[in-house]
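Please find below a colleague's note, written for a reader who is new to protein structure. Kindly keep the sequence and the model in view while reading.

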Amino acid sequence: MLQSKIQEYTEEIRAFAPSNNEDVENFRLKFLVAKGIVRNLFEEFKGVPSEQKRLLGKELNELKNLAESTYEEAKQKFIDSSDGDDTEHLDLSLPAEGMQLGSRHPLSLVRKEIIGIFAKLGFVVSEGPEIEDDWHNFTALNFPPEHPARDMQDTFFISNDKENPIALRTHTSSVQVRMMEQGKPPFRAIMPGRVYRNEAISARAHCFFHQVEGLYVDKEVSFADLKQTLFYFVQELFGEGTKVRFRPSYFPFTEPSAEMDISCSICKGKGCQLCKQSGWVEILGCGMVDPQVLENCGIDSEEFSGFAFGMGIERIANLKYEIRDLRLFSENDLRFLSQFDSELI
């Protein structure tokens, strides 16, 4: 009985002439799957008398090899014939695959938002070089020779020229100096850009970061103008009802100077780890441009006055997105970056 089945299936396999891939797949399902004919014949072979097993075993193995080779030849035949033209398998009525957008970097998102807010107030964007000389980075801004910011612990100097050392800029205030030197008031501009400090890298500090500084110089500019400008900025960026306070401070290039705090946007002023349980977070420094700085840049301090401010973009991003580690901004970890919005440009 088993021998007649082997002969019957052998003839069927030899006569197999597929016309498409579906015929080839049906052949595989009939003969070669776990519950197919070949496997069933091997199960039946277990009950064959011992004296017949040698002959039938040989015929059964030949059937199995024939089925496998026939399937492989037929499959390869239709693969080769489809290489040249896939149009018959292409359904043009199917919807196209959606366009996957990349994520915008959180610092780019915050930078763009800050620029947009100040643009409503008439501030233009001004940029300058990241490699600066001593005059634009320090001297014109009233940094005395003994100021600690000139020390190697804070600044990356790239030139040993004692008369005019060259360094990576430590703030974008140097762009303000260039603007005042090259033009005439009024000035109303913000200066976004990367700056460098020789600091140890940690969760709260980095050797490079990003700033946005602002400058407004005109006739009769007052500290009240500064406060109202920054108050408007905070309400736009963090939402209506955000509280603001100014604390006296010191900067060589502004007088009077202040640091501005806002009510913590995470705990809403109740106290948390980010605001050190105070309910307040410092976001920027500001003040009226020192008259000597105006004179250094060729502007008559008797006729003109102005205010300046500066903030770290990373600090703003920390508050907006509750990011605890500054190193995440520069590690290019897609798990972190993919959490932020995408947009068409």
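The numbered points below discuss strands, a helix and cysteines in turn.

1. This is a predicted model, in which local features need pLDDT of at least 70 and side-chain atom pairs count only at pLDDT 80 or more, while totals for chains, interfaces and linings use all residues. Residues are numbered from 1 along each chain as its sequence is written, and side-chain values use heavy atoms, with hydrogens and water left out.

2. Helices (H or I, at least four residues) and strands (E, at least two) are DSSP runs, numbered from the N terminus. Buried denotes under 20% relative accessible area (1.4 Å probe, protein chains only).

3. Two strands pair if DSSP finds at least two bridges between them. Strand 5 pairs with strand 4 (residues 187-196) in the antiparallel sense over 10 bridges, and Arg188 is opposite Tyr216 in strand 5. Strand 5 also runs antiparallel to strand 9 (residues 305-312), with 8 bridges joining them; here Asp218 faces Ser305 in strand 9.

4. Helix 5 (residues 106-119) has 14 residues and spans 20 Å from its first C-alpha to its last, close to the expected 20 Å. The expected span is 1.5 Å times one less than the number of residues. Buried residues in helix 5 include Leu107, Val110, Ile114 and Phe118.

5. How many disulfides does a search of the whole structure find? The search finds 0 disulfides, a disulfide being a pair of cysteine sulfur atoms within 2.5 Å. For Cys297, the nearest cysteine sulfur, that of Cys286, is 19 Å away. Cys297 is buried at 6% relative accessible area, and Cys264 is buried at 1% relative accessibility.

Technical notes: Buried means under 20% relative accessible area, exposed over 50%, partly exposed in between (1.4 Å probe, protein chains only).
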